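Please open the model in a viewer and display it as a cartoon.

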Amino acid sequence: MIDRIWSGKSPLYLVLLPLAWLYGLIANLIRYSYKAGLKKSWRAPVPVVVVGNLTAGGNGKTPVVIWLVETLQQHGFRVGVVSRGYGGKAERYPLLLNESTSTAQAGDEPVLIFQRTGAPVAVSPVRSDAVKALLAEHELDIVITDDGLQHYALQRDIEIVVVDGVRRFGNGHWLPAGPMRERESRLRSVDAVITNGGTAQAGELAMILEPGRAVNLATGEQRDAGSLKNVVAMAGIGHPPRFFATLRQLGVVLQKEIAFSDHRTYSATLLSAVIQPGQTLLMTEKDAVKCRAFAQPDWWYLPVEAKITGRKAEKLLQKISDLILEKRP
């Protein structure tokens, strides 16, 4: 239902417009209070790059963060990552991740980034505290913040917005009448717009999510996803239909599609109940980081990798590299 409202296919958004106007008023007041210096913001001693979005729901932001971290690492830069840690609850903040940190503590996306990149990761509701914790323990050249475009208490040097190229901005209204955290006009003030799927518009960087081979959660075995039989697909991400569509494109015959809420907490009992004997459970990598501790032999996940190429991507990376070199002691 929410997709129909936000896409403009349902007139129910009209009922929610007063709440949306209130949301927009508050969001603008917060932004301009920082811009005018009425609220204090903190600047890190190293460059900060924000990877965020204008809309609620999954746009492919975390794969962009992983792509950016890995690319900068390949250029020899020391990269740290901070996140709000949605879905996690730590005993104290800021929390520096290590090999034993659970998704219950840090949230699924920070754990996924830590496992994929090996970069230092810290989470805190106050992102400046997370940055300070990273810098106290690691010598870093740059910090990437996963989400936080609207977290103006942390100053940033570069802003990158990820856009769903298919859904774009729906009906264009603020939450809850539409999907917008900020208006589309905000794109004029950011450094780069990365479009996930669909058709990139003028000035935008085109991105595709390239799937890898399916990986068994229990053994690490890899197979072509299309070779899996009797598949039940599940996804607890911002936009599950994208994952299911990817599986069908890979030739996976789906017996069932199960969409969970984003950042959903799983248990062995819950997931064992969604499949029957002889069926295979196939999930996203973001889901997998929450399920490894109790994985069954017939549970698999599909990793994806952001592919962003071309002259615009090279210019963005060069801009970030130049900024790092400029700010190095």
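Select Lys61, Thr62, Val65, Ile66, Val69, Glu70 and Gln73 in α3, which contact Glu109, Leu112, Ile113, Arg116 and Thr117 in α5 (contact means heavy atoms within 4.5 Å; helices are DSSP runs of H or I with at least four residues, and strands are runs of E with at least two, numbered from the N terminus). By class, this contact comprises five nonpolar, three polar and four charged residues (Ala, Val, Leu, Ile, Met, Phe, Trp, Tyr, Cys and Pro count as nonpolar, Asp, Glu, Lys and Arg as charged, and the others, Gly among them, as polar).

The model is predicted: local features need pLDDT of at least 70 and side-chain atom pairs pLDDT 80 or more, while totals for chains, interfaces and linings use all residues. Residues are numbered from 1 along each chain as its sequence is written, and side-chain values use heavy atoms, with hydrogens and water left out.

Now show helix α3 (residues 61-74) and helix α5 (residues 108-117) whole: their axes come within 10 Å and cross at roughly 30° (axes are lines fitted to C-alpha atoms, for helices over the stretch in contact, and angles run from 0 to 180 degrees between N-to-C directions). The two helices are therefore roughly parallel (angles under 35 degrees).

Next, select the open sheet, whose nine strands follow the order β3-β4-β2-β5-β1-β6-β7-β8-β15 with mixed pairing (two strands pair if DSSP finds at least two bridges between them). Its edge strands are β3 (95-96) and β15 (304-307). Against this sheet, α5 touches β2 (79-83), β4 (121-123), β5 (142-146) and β15.

Methods
Angles under 35 degrees count as roughly parallel, over 145 as roughly antiparallel, 65 to 115 as roughly perpendicular and the rest as oblique.
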